[in-house]
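Visitor: Please show me the model, and let us talk it through.

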Protein chains: 2
Amino acid sequence: MVAEQLKLENQICFPVYAASRLIIRKYQPYLEKLGITYPQYLVMLVLWEHEQLPVNDIAQKLILNTNTVTPLLKRMQTLGLLKREKDSLDERKVLIRLTEKGKIMQKEAESIPQNIADSIHCTSMNLEDLFSLKKQLEQLILCYTK
Amino acid sequence: MVAEQLKLENQICFPVYAASRLIIRKYQPYLEKLGITYPQYLVMLVLWEHEQLPVNDIAQKLILNTNTVTPLLKRMQTLGLLKREKDSLDERKVLIRLTEKGKIMQKEAESIPQNIADSIHCTSMNLEDLFSLKKQLEQLILCYTK
DNA sequence: TTTAATTATATCGTGTGCGATATAAAAATA
DNA sequence: TATTTTTATATCGCACACGATATAATTAAA
């Protein structure tokens, strides 16, 4: 006999985990055209909003450890998307800023959010539901980060 | 100027991705005591419910590819948690079933869900909210898997 | 009944994600 | 000022995830 609380269908953790991977899969065809991965896309979103940021600030915004972000940024530098240079005011910090190629990519990415939204051909889930879901997840993240 | 739809805070994708990793982090101290990882825990949940399953059925239940599940199961076999044997009726299939050690672990895992639930010391999020969130995520998963 | 197509699993390569640890620079303290 | 502590980034090792591909067994079709 399986304890009720140990059934897969009764876990809150699994739907979050599965939904995360499924959403990333939805993004892939669009990101493939830009030649970047999903975490790289998140870094681009941050850098399109901020002219210049140290590694740690990017990691905090994405709730990632720096030992994940450092190699991620290095791969993006290899792709020619961004530059890394020491902060002259604090030599510990490495400042990240987009290259021209990185800035130009924003134009190509502008249509992605709408494309993703349109790709949900699901009568039982509309944009309002998505917004409410987003709000609830942000609550959960607040609980889990403090 | 950043297009509104490209701001990190306006993405539905990011909260799901971040919440998934944060939840997994919450599980880690408990799973560490059992000597398993989070994806391995999910496999255990499936096998505590099903005496015997082919690799593909486990992959489908967890919405994972078999090229993720095969090495995962091999590591779990090395840990002595499960056995792998060919299906005599269909030699393509590999049937997975728990060892005694794997079955015994269920007892130790029984308290985990309650511990996780208790660990949310967040006044703005109760169990009812979590249940509603789970239902909405399951809707999203339905949309994204069909 | 050969041959072709499908199915189930496995292998390989690349990119995360993170715990543990290292290193250098800055800040705090004795 | 010398020493200790903290902060910012990087390195290493391991376990996922998954696209692409390979292989063997089964099924479908010619």
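Visitor: Into how many nonpolar, polar and charged residues does the surface near DNA strand C divide?
Guide: This is a predicted model, in which local features need pLDDT of at least 70, side-chain atom pairs count only at pLDDT 80 or more, and totals for chains, interfaces and linings use all residues. Residues are numbered from 1 along each chain as its sequence is written, chains are lettered from A and ligands numbered from 1 in the order in which they are written, and side-chain values use heavy atoms, without hydrogens and water. Near means that a heavy atom of the residue lies within 4 Å of the strand. Ala, Val, Leu, Ile, Met, Phe, Trp, Tyr, Cys and Pro count as nonpolar, Asp, Glu, Lys and Arg as charged, and the others, Gly among them, as polar, and the surface near DNA strand C has seven nonpolar, ten polar and ten charged residues.

Visitor: Which residues come nearest to DNA strand C?
Guide: There are 27 residues around DNA strand C. The nearest residues are Gln40(A), Asn67(A), Arg75(A), Tyr17(B) and Lys74(B).

Visitor: How far is the side chain of Arg25(B) from a phosphate oxygen of DNA strand C?
Guide: Look at polar contacts (N or O pairs within 3.5 Å; within protein, one must be able to donate a hydrogen and the other to accept it, and residues adjacent in sequence count only if both atoms are side-chain atoms). A polar backbone atom of Val94(B) is 2.9 Å from a phosphate oxygen of DNA strand C. For an N or O atom in the side chain of Arg25(B), the distance to a phosphate oxygen is 3.2 Å.

Visitor: How much area do chain B and chain A bury between them?
Guide: The contact (heavy atoms within 4.5 Å) takes 63 residues from chain B and 63 residues from chain A. Buried area is the accessible area (1.4 Å probe) that two parts lose on being put together, summed over both. Carbon and sulfur atoms hold 71% of it, and the total is about 6200 Å².
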